Amino acid sequence: MNPTIDAITLKQALTPYAKELSFTLPQEEECFALEVSPRFERRMKRMLRDHQKFYYFWFNTLGKQVASIVILIVLGLTVTTFSVKAWREPVVQFVIEFFEKFASFTVKQNPQIPAELIATEPTYIPDGFFKVSTTKNDFQNIILYRNSNGEEFFFKQQCLSATTGGVDTENATFRPIIINEREGIISLKNGHGVIKFSTDQYLFTIVGIFTEEDLINIAESIPLE
Amino acid sequence: MLLFYLSLLDTEEEKEKFRTIYEQYHRPMLQYALKILRHQEDAEDAVQTTFEKLIKILKTIQEPVSSDTKTLIMVILRNTCRDLWRQKKYRFAESLDQISPGELSSGVNYFENLEVQQLYDAIGKLSAKEQELLLLKWYHDLSNDHIAKILNISYTNASKRIERTRAKLKTILEEEQLTYEPHH
């Protein structure tokens with residue numbers, strides 16, 4: 001017969017060992033001659049005191065202590081940086097530039113550029129679209145196109161002497177793009193496509209319900225000289 | 001993350017539990033550690049480390065002043081002394097294994113039930129370290145994670161040791177024609 005020994009039986013069998021082990025711990029009466037060093041008492045008192053503190057488990061291991069120190073240093077640096085104007089501005093500027101470089105496309109107004117608009121327009125227009133209107137003044141040139149289904153897109157050319165441009169990249173799929181050796185951005189959001197790119201003088205914008213390929217083809221067809 | 005740490009915070013009851021254990025047992029623990037290590041400073045270090053380990057498993061202790069708590073303290077203290085012994089290439093020659101609780105009781109018939117008695121005898125054939133591992137796992141019902149913390153080893157290492165001890169006990173029992181299948 002091979003009886004199966006379960007955990008309860010094992011616990012039963014272990015009980016005498018547990019009892020004997022507990023008996024090997026000396027009784028208090030046996031410790032009358034025991035001398036405890038002040039160093040030990042000090043350390044144990046500190047441990048007891050620390051254990052009573054609510055934040056004990058935040059700092060009870062070396063890893064947690066190191067993490068806490070690192071967090072404190074980072075917090076300290078952040079607070080110091082943002083408290084001192086001379087340090088805050090370069091940091092904020094860096095964050096803005098970083099954001100602009102990787103998350104958006106912005107063109108700043110530059111009043112130094114001569115405000116003389118020489119109008120241009122795309123030479124490639126997708127099939128079915130025709131020019132509906134042109135609005136032109138000294139600073140910008142806007143052309144609206146439409147097809148027989150009523151779908152529209154527009155082309156905008158603006159002087160950098162009078163405008164600042166950006167692209168809303170929130171919840172949009174976007175990426176940097178090069179149009180005829182000029183930096184720009186293409187953004188697709190809710191079915192609408194936007195391309196923006198700039199030369200030294202102008203900011204160009206094309207907005208419409210197009211594929212990325214069509215948008216790029218329109219943008220690349222704009223004569224820049 | 002904050003919630004996680006907050007969940008680790010002791011209740012007042014647990015803080016009191018720790019203080020009670022300290023007040024009740026720190027002197028006997030020191031006395032025992034001195035007997036083993038024969039060096040005041042090392043003995044004090046061993047007791048302090050034992051309390052640090054106890055804090056980690058405080059939630060598993062039901063009754064601070066009890067035979068079970070004394071057993072648990074002894075297992076942890078003996079392991080800590082063993083670690084110190086190993087680290088410092090200790091000055092005394094005898095191993096802690098010579099103070100095996102099993103040896104103290106060998107040859108005694110504790111149980112009327114033959115099956116339990118045979119299992120008890122089989123456990124007596126294990127080393128003190130292995131017996132203590134069984135005590136932690138199946139007498140105190142500690143998780144492998146808690147055992148790892150007590151023995152100051154990794155979780156994987158603790159699981160392997162438990163598995164090895166199980167296998168060894170099984171082999172001994174098979175020689176006695178018993179089958180051993182405790183729950184994991």
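Does Glu132(B) count as buried or exposed? In this predicted model, Glu132(B) counts as buried, at 0% relative accessibility. Glu132(B) forms a salt bridge with Arg82(B), and the closest N and O atoms are 3.0 Å apart. Arg82(B) sits in helix 4 (residues 67-87) of chain B and Glu132(B) in helix 7 (residues 128-139) of chain B, so this pair ties together parts 50 residues apart in sequence. Arg82(B) is buried as well, with a relative accessible area of 8%.

## Across the chains

Let's turn to a pair that crosses between chains. Asp45(B) forms a salt bridge with Arg39(A), with 3.0 Å between the closest N and O atoms. Asp45(B) counts as buried at 19% relative accessibility, because the cut-off for buried is under 20%. Arg39(A), at 26%, counts as partly exposed.

## Within one helix

Lys149(B) and Asp145(B) share helix 8 (residues 144-151) of chain B, four residues apart, or about one turn of the helix. Their salt bridge has its closest N and O atoms 3.7 Å apart. Lys149(B) is partly exposed at 34%, and Asp145(B) is partly exposed at 37%. Elsewhere, salt bridges with shared partners join Arg39(A), Arg43(A), Glu44(B) and Asp45(B) into one network. Over all chains, the count comes to 15 salt bridges.

## A hairpin in chain A

Strand 7 (residues 173-179) and strand 8 (residues 182-189) of chain A run antiparallel, joined by seven bridges. Ile179(A) has Arg182(A) in strand 8 as its bridge partner. Two residues lie between the strands of this hairpin, and Asn180(A) takes a positive phi near 50°.

Methods
Residues numbered from 1 in each chain as written. Chains lettered and ligands numbered in written order. Predicted model: local features only at pLDDT ≥ 70, side-chain atom pairs only at ≥ 80, totals over all residues. Heavy atoms only, no water. Pairing = 2+ DSSP bridges. Salt bridge = Lys/Arg side-chain N within 4 Å of Asp/Glu carboxyl O. Buried < 20%, exposed > 50% of the residue type's maximum accessible area, 1.4 Å probe, protein only.
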